[in-house]
Amino acid sequence: MIGRFDWTGVIEFLPEILKGLYYTLLISIVGLVIGFALGAVFGLGRVSKNKFAYAISTVYIEIIRGTPVLVQAIWIFYALPLIIHYTLDSVVAGIIVIAVNSGAYIAEIVRGAVDSIAKGQMEAGRSLGLNQRQTMQHIIWPQALKRMIPPLGNQFIISIKDTSLLSVILVPELIFQGRLIAANHFNAVEIYTTVAIFYLAITLTLSLILRFVERRLNVQ
Amino acid sequence: MIHVENLCKKFGDLEVLKGINCHIHPQEVVCVIGPSGSGKSTFLRCLNMLETMTSGEIVIDGDHLSDPKTDINAVRTEVGMVFQQFNLFPHKSVVENVMLAPKLVRKLDKGEARKRALALLEKVGISEKADSYPEQLSGGQQQRVAIARSLAMEPKMMLFDEPTSALDPELVGEVLEVMKQLAHEGMTMVVVTHEMGFAREVGDRVLFMDGGIIEEEGDPEQIFKAPKSERTKAFLNKIL
């Protein structure tokens, strides 16, 4: 049975698979950088005393967490252009999906981490005459950031895997490329196994990086 | 220096402070004693607006705390606070803990801030730990760092919220010693404490609080030897 699979044939399609890898990485990295920024802003909104900031953040988080990524991707690529009368490039749409989606989950990670820093830290800062922003920036945020790293790693891995759903909006990422090749050359086992290994390689690399960062920051 | 008039504080329906009146003079050391739940800590926390008063007035060195135009951050730079749980910044070294506020608020450059911090750590007897992190210190050492951190802002007065209550008994002395030294140097101090020996020896005046009011106040000798109020008597009988 094993003999029927032609693994050497994979080499032939490697350039196309690598193109897919490129888009998967591009969308993951750009999407998550923007997602982290969104998460920081809306996470701080969730801990803010400002009712408007709190309300906006809560609505954003609930809408995104309450709908599937697949639906978000299809909505942004096929429905949004009809509203704004502007056709989005599928890669741009993909980055938006990953950024907006991960941003909502990261916001909750930020909120949880900031909330977990003892109230006494804020009081100590304020009693020294630091204002709210200074206390946040110099005392609360650095401590919260350390605690965010393990759940952030989790979210990054989930979002990287979610990029595979972007194949439905025609982003030429890993699994989209894989399906294209497999459909034309009837080598599903070889191609899809290769694609799976690529995803695993990305997430394992990320895990290693995070473990290193954690050790550096001495997270307990 | 501190004037408190008819200070009331409610948490929801719970009335914690029911009309506190008191005047604290420059260089005075006032010890606040009383059973738990009597409102001692809340009273202290109202003095630097960690709690917002419900009604009444507090005047700190001429600044009216009930006035929304008062810059609370500026007032706080003049009023140091030491907490029961120390609340040192765990991500910063001892000397960085002490340098932070002078750098950010007083705009001292790094060199000046460090010089000031090291001098204060010397004063509280802990300069050899300047580059350690708070978690590497004993409770007594942490609390002395917290006092140095407060002093680095050169406050006009200091508030102490049960500064020795979280310490192992053998570490209480070293913290009280630093506080005693401060008192002798003429620092205005308000100390919520269960250390009756300290109140008696160092305090210029003792306030006994119970049920959200100042039940009795006076000279420490008089309060401890001949309390007038029945509740003061009952409290002192239980703890002495």
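**Entry 1: Lysine 40 of chain B**

I began with K40(B), which I located in helix α1 of chain B, a helix that spans residues 40–47. The model I am reading is a predicted one. Is K40(B) buried or exposed? I found K40(B) buried, and without a salt bridge. The nearest side chain of opposite charge belongs to E162(B), at 4.3 Å. I then listed the contacts of K40(B), leaving out residues up to four places away in sequence. They are V32(B), I33(B), G34(B), P35(B), E162(B), V192(B), H194(B) and M209(B). E162(B) is therefore a contact of K40(B), although no salt bridge is assigned to K40(B).

**Entry 2: Positive phi values in chain B**

I next looked up backbone angles. Most residues other than glycine have a negative phi. Q27(B) has a positive phi, near 70°, and is not a glycine. I placed Q27(B) in the loop between β2 (14–24) and β3 (29–33) of chain B. Its relative accessible area is 52%, so Q27(B) is exposed.

K107(B) also has a positive phi, of about 60°, and is likewise not a glycine. Where does K107(B) lie? I found K107(B) in the loop of chain B between α3 (94–104) and α4 (110–123). K107(B) counts as exposed because its relative accessibility is 62%.

**Entry 3: Helix α3 of chain B**

Of the 11 residues of α3(B), 9 are buried, so the helix is largely enclosed by the rest of the structure. I noted the buried residues as V94(B), V95(B), N97(B), V98(B), M99(B), L100(B), A101(B), P102(B) and L104(B). What covers them? The cover includes α6 of chain A, and also α4 and α5 (139–151) of chain B.

**Entry 4: Histidine 3 of chain B**

I found H3(B) in strand β1 of chain B, residues 2–11. H3(B) is partly exposed, because its relative accessible area is 31%. Apart from residues up to four places away in sequence, H3(B) touches C22(B), H23(B), E57(B), I58(B) and V59(B). With H23(B), the side chain of H3(B) makes a polar contact of 2.4 Å. V59(B) is 56 residues from H3(B) along the chain, yet their C-alpha atoms are separated by 5.0 Å.

**Entry 5: Chain A as a whole**

I recorded 8 helices and 0 strands for chain A. Its C-alpha atoms fill a box of roughly 75 × 45 × 25 Å along the principal axes. Chain A has 220 residues, of which 47% count as buried. I also checked the contacts between residues at least 6 apart in sequence: in chain A, 75% of them join residues at least 24 apart.

**Entry 6: Threonine 24 of chain A**

I located T24(A) in helix α1 of chain A, which covers residues 8–47. T24(A) counts as buried because its relative accessibility is 0%. What does the side chain of T24(A) reach? I found that it reaches the backbone nitrogen of L174(A), at 3.1 Å. Beyond neighbours within four places in sequence, the contacts of T24(A) are T163(A), E173(A), L174(A), Y199(A) and I202(A).

**Entry 7: The interface of chain A and chain B**

The contact involves 18 residues from chain A and 24 residues from chain B.

How many salt bridges cross the interface of chain A and chain B? I found 1. E123(A) and R45(B) meet through their side chains in a salt bridge, at 2.5 Å from N to O. I also noted 6 residue pairs in polar contact across the interface. On the side of chain A, the elements that give two or more residues are α5 (119–127) and α6 (132–162). Of the elements on that side, α5(A) gives the most, with 8 residues. I sorted the residues of the chain A side into 5 nonpolar, 10 polar and 3 charged.

Definitions and conventions:
Residues numbered from 1 in each chain as written. Chains lettered and ligands numbered in written order. Predicted model: local features only at pLDDT ≥ 70, side-chain atom pairs only at ≥ 80, totals over all residues. Heavy atoms only, no water. Helix = DSSP H or I, 4+ residues; strand = E, 2+ residues; numbered from the N terminus. Buried < 20%, exposed > 50% of the residue type's maximum accessible area, 1.4 Å probe, protein only. Lys, Arg positive; Asp, Glu negative; His and termini not counted. Salt bridge = Lys/Arg side-chain N within 4 Å of Asp/Glu carboxyl O. Contact = heavy atoms within 4.5 Å. Polar contact = N/O pair within 3.5 Å; in protein donor to acceptor, adjacent residues only side chain to side chain. Nonpolar A, V, L, I, M, F, W, Y, C, P; charged D, E, K, R; others polar.
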